[in-house]
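Colleague: Please take a close look at one part of this protein, the site that its database record annotates. I would like to know where it sits and what surrounds it.

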Amino acid sequence: MSQSDRPLEVACPQCRKKVVWREDNPYRPFCSERCRLIDLGAWADGSRRIAGEPAMDETEIDEMILRAERGFQEPE
Ligand SMILES: [Zn+2]
């Protein structure tokens, strides 16, 4: 009965930071909610960029997080 005590690490798809893959990390494979929202937002509005392209600026990110926290209540 050998227990694996080496956590699986992945690179955050957004910022490339090392993230420990844990069941209790709701943002996996991202390092944080912010990175997760950036990625979701990029897919959602069709402006997904190739890795290495400059990310959107801080203001856009903050607005996106605010919208997400309100639950994306946009009319269909
Ligand atoms: Zn990240």
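Modeller: Helices (H or I, at least four residues) and strands (E, at least two) are taken here as DSSP runs, numbered from the N terminus. The model is a predicted one: local features need pLDDT of at least 70, side-chain atom pairs count only at pLDDT 80 or more, and totals for chains, interfaces and linings use all residues. Residues are numbered from 1 along each chain as its sequence is written.

The protein has two helices and two strands, in the order β-β-α-α along the sequence. Of its 76 residues, 9% are buried; a residue is buried if 20 or more other C-beta atoms lie within 10 Å of its own, exposed if 12 or fewer, and partly exposed in between, with C-beta atoms placed from the backbone.

The unreviewed UniProt entry lists Cys 12, Cys 15, Cys 31 and Cys 35 under "binding site". These four span 24 residues in sequence, yet no two of their C-alpha atoms are more than 8.1 Å apart, so they gather at one spot. UniProt positions are given in the numbering used here, feature names are shortened, and such annotations may be inferred rather than shown by experiment.

Cys 12 lies in the loop between β1 (9-11) and β2 (18-20). It has 18 C-beta neighbours inside 10 Å and therefore counts as partly exposed. Two residues are in contact if their C-beta atoms, placed from the backbone, lie within 7 Å. Neighbours within four places in sequence aside, Cys 12 is in contact with Lys 17, Val 19, Pro 29, Phe 30, Cys 31 and Cys 35.

Cys 35 belongs to helix α1 (residues 33-44). Cys 35 is buried, because 21 other C-beta atoms lie within 10 Å.

The axes of α1 and helix α2 (residues 58-69) come within 10 Å and cross at roughly 95 degrees, the axes being lines fitted to C-alpha atoms over the stretch in contact, with angles from 0 to 180 degrees between N-to-C directions. So α1 is roughly perpendicular to α2 (under 35 degrees is roughly parallel, over 145 roughly antiparallel, 65 to 115 roughly perpendicular and the rest oblique). On α1 the contact is made by Arg 34, Leu 37, Ile 38 and Gly 41, and on α2 by Ile 61, Met 64, Ile 65 and Ala 68.
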